[in-house]
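Here are my notes on the fold you sent over, written as numbered points. Have the structure open while you read.

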Amino acid sequence: MPMQQGKPRLQDKVAIVTGAGRGIGRAEAMLLAAEGAKVVVNDLGTDVLGKGADQSIAEKVAAEIRAAGGAAVANTDSVASMEGGQRIIQTAVDAFGRLDILINNAGAVRPKVIFHMTEDDWDSMISVHLKGHFTTIRFASPIFREQKSGVIVNTASESGLGHFGQASYSAAKEGIVGLTRTVARDLGRYGVRCNAIRPRAATRLFDEGVADAMDRARATVGPAAAPAIHQSDLQDKPEHVAALVVWLCTDATANVNGRTFVVGGNLVGLYAEPEPVRSLYREGGWDLDTLDRIGSQDLIGGVVNEFLPR
Ligand SMILES: NC(=O)c1ccc[n+]([C@@H]2O[C@H](COP(=O)([O-])OP(=O)(O)OC[C@H]3O[C@@H](n4cnc5c(N)ncnc54)[C@H](O)[C@@H]3O)[C@@H](O)[C@H]2O)c1
């Protein structure tokens, strides 16, 4: 476990990290344990596309935490089903008697350009990411509401902002940002916080899942369609992401709720909340003729669209 200086920040708190058998989730589980939290290490053990199951990887991380003197149990349920979500939450209650922290991190990728995307590519991304956040939050929230405390950190992605070849993943991830804002409002009145991150880290999901598949997808439509992935991204470590996530679970961020952060390598940042950048009003509403008269210059601002052919 990473060594931290001073008093542990999360002594005896009980935390769940989904998808903690590898990558970012593993780093989050290790740091939570180093800070004194008891951890449920959830992982179904899928491949990078979200297929298959390997029961051993969650237990491996839990055993690593225990060997270092921490407290951890493994859970191998899928976040993508209601039963799975319920069992993951129940595992914390059964093993440690309570729940304080929920980190939703489990995920997979299926990059494909939209005209090749299958129903299964779509459904699997919505299930593991968007529904996979709902299933755990749904069963954690009555506990948090009752005890009037709790912290949730969700995992969105910069892909949600629009990312070539990632329609299903982007849609699910941006859904998580909306879910975060609303859960922050639903539970904030009970002293429960819910924030989201858009992480960057050189994990297998990035290397095998995104970089390679994006190269293939780019080849479908031509090299100019999307910029190549920047090599410096590959230096970003999961541990860089874990620090911000665990900090969001501590009392140092007791006033932070409903916000979205970017984190990776040397960077931490706060996202703005969206608002209209230009608003026009017309008595009686708008019709096609009046919209034609103002033209896209007035509403859009005459910006050249970089995604259209030049
Ligand atoms: N790595 C990046 O740069 C990056 C960027 C943006 C977002 N993310 C997000 O961060 C999260 C972690 O990704 P990572 O890069 O560490 O990937 P990873 O592949 O290393 O880890 C993801 C883990 O989730 C598990 N998992 C998959 N489906 C599951 C399910 N149904 N139930 C339980 N566990 C399941 C996998 O077995 C795997 O161990 C994901 O949500 C991903 O979308 C990562």
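This is a predicted model: local features need pLDDT of at least 70, side-chain atom pairs count only at pLDDT 80 or more; totals for chains, interfaces and linings use all residues.

1. Helix α1 covers residues 23-34 and helix α2 covers residues 56-67; their axes come within 10 Å and cross at roughly 25 degrees. Angles under 35 degrees count as roughly parallel, so α1 is roughly parallel to α2.

2. Who is touching whom in that pair? On the α1 side you'll find R26, A29, M30 and A33, and on the α2 side V61, E64 and I65. Sorted by class, the contact of α1 with α2 has five nonpolar residues, two charged ones and no polar ones.

3. Now look at α4 (residues 119-147) and α5 (residues 167-188). Their axes lie 8 Å apart, and the packing angle is about 15 degrees. That makes α4 roughly parallel to α5. The crossing of α4 and α5 is right-handed.

4. The α4 side of this contact includes D121, W122, M125, I126, H129 and L130, while A167, S168, Y169, A171 and A172 are among the residues α5 brings to it. Further along, H133, F134, I137 and S141 of α4 also take part, as do K173, G175, I176, L179, V183 and L187 of α5. By class, the contact of α4 with α5 comes to 14 nonpolar, five polar and two charged residues.

5. How long should α5 be? At 1.5 Å a residue, its 22 residues should span 32 Å, and the end C-alpha atoms are 31 Å apart, so the two values agree. As for burial, the buried residues of α5 are S168, Y169, S170, A172, K173, I176, V177, L179, T180, V183, A184 and L187. Note that K173 is on that buried list, and K173 also belongs to the contact with α4.

6. Helix α7 (residues 238-248) is worth a look too. Its buried residues are P238, V241, A242, L244, V245, V246 and L248. The cover over them includes α1 along with the strands β4, β5, β6, β7 and β8.

7. Is F261 buried or exposed? Its relative accessibility is 11%, so F261 counts as buried. Leaving out residues up to four places away in sequence, F261 touches N195, A196, I197, R198, L244, L248, V256, G269, L270 and Y271. Of these, L244 and L248 are also buried residues of α7. The C-alpha atoms of F261 and N195 are separated by 8.1 Å, although the two residues are 66 apart along the chain.

8. Two backbone spots deserve a second glance. Most residues other than glycine have a negative phi. D12, in the segment before β1, has a positive phi near 65 degrees. At 45% relative accessibility, D12 counts as partly exposed. K148, in the loop between α4 and β5, has a positive phi near 55 degrees. With a relative accessible area of 57%, K148 is exposed.

9. Last, the whole chain. The secondary structure comes to eight helices and eight strands. Of the 310 residues, 44% are buried. Among contacts between residues at least 6 apart in sequence, 70% join residues at least 24 apart.

Notes:
Residues are numbered from 1 along each chain as its sequence is written. Side-chain values use heavy atoms; hydrogens and water are left out. Axes are lines fitted to C-alpha atoms, for helices over the stretch in contact, and angles run from 0 to 180 degrees between N-to-C directions. Helices (H or I, at least four residues) and strands (E, at least two) are DSSP runs, numbered from the N terminus. Angles under 35 degrees count as roughly parallel, over 145 as roughly antiparallel, 65 to 115 as roughly perpendicular and the rest as oblique. A crossing is left-handed if the near helix is turned anticlockwise from the far one by less than a right angle, and right-handed if clockwise. Contact means heavy atoms within 4.5 Å. Ala, Val, Leu, Ile, Met, Phe, Trp, Tyr, Cys and Pro count as nonpolar, Asp, Glu, Lys and Arg as charged, and the others, Gly among them, as polar. The expected span of a helix is 1.5 Å times one less than its number of residues. Buried means under 20% relative accessible area, exposed over 50%, partly exposed in between (1.4 Å probe, protein chains only).
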